[in-house]
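Here are a few notes to read alongside the model. Take them in order, with the structure open next to you.

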Amino acid sequence: MPTEPLSQKEIEDRLRELPGWSLEGDRIARAYRLANHFAATAMVVHIAQIQDELNHHSDLTLGYNTLALSVNSHDAGGAVTEKDFELAQRVEGIAAGHGAG
């Protein structure tokens with residue numbers, strides 16, 4: 001069963017609950033700065049674990065001490081859904097433990 005896209009208002013309301021996250025085209029996205037490359041890589045591995053648990057995967061871009069994440073739902077035609085916000089909230093929940101800001 002496909003996931004239902006969220007309305008523009010629902011997306012805006014949900015983004016207010018996730019500081020640092022924004023709507024970029026048809027995806028929600030956030031960039032993090034970390035202490036060094038090892039810390040950024042460790043956070044990528046942790047995010048990969050969460051994505052496998054949720055069976056919902058984002059695009060990740062790893063830099064020296066940065067990590068960018070963007071996500072939408074392919075099963076909703078590339079729209080933003082509740083699943084995307086669930087992933088974003090889970091990532092926010094681990095970010096501070098990795099020293100991400």
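1. A quick definition before the surface figure: accessible areas here come from the Shrake-Rupley method with a 1.4 Å probe. On that basis, the chain exposes about 5500 Å², and carbon and sulfur atoms supply 54% of that area. Keep in mind that this is a predicted model.

2. Next, the overall layout. You'll find 3 helices and 4 strands in the chain. Reading from the N terminus, the elements go α-β-β-α-β-β-α.

3. What about overall dimensions? The C-alpha trace spans about 40 × 25 × 20 Å along its principal axes. For 101 residues, a compact globule would have a radius of gyration near 13 Å, and the chain's own value is 13 Å, so the two agree.

4. On the inside of the fold, 42% of the 101 residues count as buried. Now look at the contacts in the chain with a separation of 6 or more: residues 24 or more positions apart account for 66% of them.

5. How do H1 and H3 pack? Helix H1 (residues 8–16) and helix H3 (residues 82–95) meet at an angle of about 10°, and their axes are 11 Å apart. Angles under 35 degrees count as roughly parallel, so H1 is roughly parallel to H3.

6. Which residues make that helix contact? From H1 come Ile 11, Arg 14 and Leu 15, and from H3 come Glu 82, Phe 85 and Gln 89. By type, the residues of this contact divide into 3 nonpolar, 1 polar and 2 charged.

7. Have a look at Leu 60, which sits in strand E3 (residues 59–62). Setting aside residues up to four places away in sequence, Leu 60 touches Val 44, Ile 47, Gln 51, Leu 67, Ala 68 and Leu 69. As for Val 44, 16 residues from Leu 60 along the chain, the two C-alpha atoms are separated by 7.6 Å.

8. Last stop: Ser 73, in the loop between strand E4 (66–71) and H3. Its relative accessible area is 0%, so Ser 73 is buried. What does Ser 73 contact, leaving aside its neighbours within four places in sequence? The partners are His 56, Gly 78, Ala 79, Thr 81, Lys 83 and Asp 84.

Key
Residues are numbered from 1 along each chain as its sequence is written. This is a predicted model: local features need pLDDT of at least 70, side-chain atom pairs count only at pLDDT 80 or more; totals for chains, interfaces and linings use all residues. Side-chain values use heavy atoms; hydrogens and water are left out. Axes are lines fitted to C-alpha atoms, for helices over the stretch in contact, and angles run from 0 to 180 degrees between N-to-C directions. Helices (H or I, at least four residues) and strands (E, at least two) are DSSP runs, numbered from the N terminus. Angles under 35 degrees count as roughly parallel, over 145 as roughly antiparallel, 65 to 115 as roughly perpendicular and the rest as oblique. Contact means heavy atoms within 4.5 Å. Ala, Val, Leu, Ile, Met, Phe, Trp, Tyr, Cys and Pro count as nonpolar, Asp, Glu, Lys and Arg as charged, and the others, Gly among them, as polar. The radius of gyration is taken over C-alpha atoms; the globule rule is 2.2 Å times the number of residues to the power 0.38. Buried means under 20% relative accessible area, exposed over 50%, partly exposed in between (1.4 Å probe, protein chains only).
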